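Please look at the structure below.

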Amino acid sequence: MVGELTWQRRLFGLWIPMVALLVMGLFPFAWMAVTSLKTNAELYDPKAFPLAIHHPSLVHYIGLLKESNFVIWTANTMLVALISTAISLLLGSMLAYPLARMRFPGAALLALTVAVTYLVPQTLLFVPMADFINRLNLGNTLSAVILTYPTLLVPFCAWLLMGYFKTVPKELEEAALIDGASRWRAMTRVILPLCMPGFISAGIFAFTLAQNEFLYALLFLNRSNIRTVPIGVVGELIRGDAFYWGQLMAGAFLGCIPVILIYTFFVKYYVAGLTSGSVKG
Amino acid sequence: MNPTMEAARPAPQAVPAAGFFRPWIRPGEWVERESVFSWLMLTPPLLFLLAFLGYPFVYGVFLSFFNRDVAGSATFVGLHNFINLWNDPVFWQSARNTVKFTVAACGLKMVGGLGMALVMNQNFRLKSLTRALLLLPFIVPTVLSTVAWQWILDPGMGLFNRLLAVSGLMQNGPSWLGNPTLAMVSIIIVNTWRGLPFFGISILSGLQTVPMELHESATIDGAGTWDRFRHITLPLLLPVILIVTTFSVIFTFFDFQLVYVLTGGGPANSTHLMATYAYALSMGGGQMGLGSAAALSMVPVLGLVLVALTYYVRKD
């Protein structure tokens with residue numbers, strides 16, 4: 001009797017909702033993959049079951065790599081994401097370190113400012129930003145996004161790193177100072193090495209956000225060979241005729257892979273960062 | 001020990017607080033002051049943020065009082081842009097859409113996320129793998145998953161309508177993105193699909209801090225599952241849920257890319273959000289001043305949410 005109840009509880013309280021959640025969350029990826037692996041004849045056959053593949057083919061992938069600048073877009077995305085992440089980590093930690101560990105006049109106001117800049121969405125700023133970048137003559141260059149992405153990422157990195165910096169006990173720093181280290185040495189040799197997980201967490205998030213960014217890329221990158229993956233896929237793979245879905249899904253699927261790979265390797269840090277209460281949803 | 005370190009050693013005690021600019025203090029000692037060190041570190045990032053965030057914001061406010069097209073020069077028009085928007089039915093429609101979209105999507109994400117967290121807060125095999133898989137919609141580039149959704153919702157050959165046809169339920173499924181109501185439902189579904197794991201995993205981390213002892217003693221006192229959820233779990237989770245929801249409200253309210261890719265604001269402006277409408281005015285219509293004014297009209301909402309958030313954080 002009791003065993004039966006537990007078994008039923010387990011089924012209705014865990015397994016059925018779990019499978020439902022997984023199916024809901026993952027079916028779009030399955031649909032992407034299935035579509036990208038079918039030939040057009042099979043893809044647009046109204047009688048075929050949509051999720052089955054009878055004759056898998058790489059024709060859309062070959063077409064994508066041959067006919068579009070997908071490889072260049074991927075390289076651009078990586079380059080932009082790497083540089084803007086590096087800038088953001090550097091500037092973000094310079095902002096976070098004093099805020100988390102030091103007492104100085106204006107600290108409270110500054111912490112509030114960082115929180116507010118973190119919550120200001122780019123949708124609010126894109127019109128003047130477009131004008132600003134054009135006047136700097138940076139339109140249609142990768143520098144435009146390399147310089148603007150950190151505006152989104154610096155407050156975010158600072159916010160996340162502050163949490164990590166605060167966890168290192170003050171005594172460690174005091175001990176280093178008493179032993180004769182300067183503040184700079186105490187920071188670079190004692191405190192920062194202890195915060196490596198924070199840097200990895202912030203770095204992964206910043207890198208992913210930079211890879212996913214759309215609005216500024218849409219505004220600033222109008223030439224095909226300087227586009228990033230999101231903007232290239234939306235801007236060039238959606239074509240006039242109705243039969244572009246195979247290549248489009250191949251592009252979308254390939255575009256997701258780098259993010260998924262990085263995520264797989266660092267999932268622990270990702271979840272840690274996510275649950276530290278500082279990520280935009 | 002090297003000389004600089006020797007010199008630095010007595011600094012914290014030996015230097016009186018009053019002598020901020022005393023000429024005989026060596027730079028090395030001066031830098032050792034907590035406030036000096038802090039501000040030296042803070043200056044570069046603050047200058048950067050001032051130039052690339054502060055300046056555009058001020059410039060945006062300035063632009064909203066001017067009539068300026070993409071190439072032309074600016075003429076001062078006062079509040080004319082805001083008055084134009086006030087009399088623009090599409091602007092009001094976008095505002096209503098934005099509120100509907102935000103309330104519906106955040107409500108669904110909150111309830112669904114709570115459900116996801118409760119399901120995930122049990123012991124089962126492959127738990128961390130499941131958690132990683134459930135987070136996928138949140139981490140992949142939104143634009144790419146939105147393109148996949150566009151294909152899922154395609155009226156002719158999309159997955160939904162094909163499944164309806166194959167299962168014999170409906171020979172010709174609805175035009176998901178062509179009908180105003182369904183298009184709104186569609187963007188809400190896609191936003192929820194993407195944001196749900198964020199709620200789920202955040203609430204799950206809150207759930208894991210709920211002490212088992214409370215549940216045990218409540219069970220001994222005769223409380224059922226629902227009572228324990230209602231009187232123990234929910235009150236303890238409330239702070240996490242509120243914070244996550246506030247964040248989500250902000251970023252759902254200002255959402256741009258999902259709608260831009262999925263519907264472009266159509267059909268007949270029925271899914272235009274304030275962000276996409278501001279984009280259409282400024283980049284599509286070339287009216288930078290008007291577009292900037294439309295974007296800035298969202299500030300009061302952001303302000304209200306921020307005030308509510310600080311009030312809540314202070315209270316705690």
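In this predicted model, a kink of about 40° lies at B:Gly195 in helix 10 of chain B, shortly before the proline B:Pro197. The bend at a residue is the angle between axes fitted to the seven residues ending there and the seven starting there. Helices (H or I, at least four residues) are DSSP runs, numbered from the N terminus. Residues are numbered from 1 along each chain as its sequence is written, chains are lettered from A and ligands numbered from 1 in the order in which they are written. Local features need pLDDT of at least 70, side-chain atom pairs count only at pLDDT 80 or more, and totals for chains, interfaces and linings use all residues.

Of the 28 residues of helix 10 of chain B, 20 are buried, so this helix is largely enclosed by the rest of the structure. A residue is buried if 20 or more other C-beta atoms, placed from the backbone, lie within 10 Å of its own.

The largest nonpolar core has 154 residues. Such a core is a set of buried Ala, Val, Leu, Ile, Met, Phe, Trp, Tyr and Cys residues joined through C-beta atoms within 7 Å. B:Val147 is among those with the most contacts inside this core.

Chain B has 80 residues in contact (C-beta atoms, placed from the backbone, within 7 Å) with 69 residues of chain A. The table divides the side of chain B that touches chain A.

| Class | Residues |
|---|---|
| nonpolar (Ala, Val, Leu, Ile, Met, Phe, Trp, Tyr, Cys and Pro) | 59 residues |
| polar (the others, Gly among them) | 16 residues |

Conventions: Helices (H or I, at least four residues) and strands (E, at least two) are DSSP runs, numbered from the N terminus. A residue is buried if 20 or more other C-beta atoms lie within 10 Å of its own, exposed if 12 or fewer, and partly exposed in between; C-beta atoms are placed from the backbone. Two residues are in contact if their C-beta atoms, placed from the backbone, lie within 7 Å.
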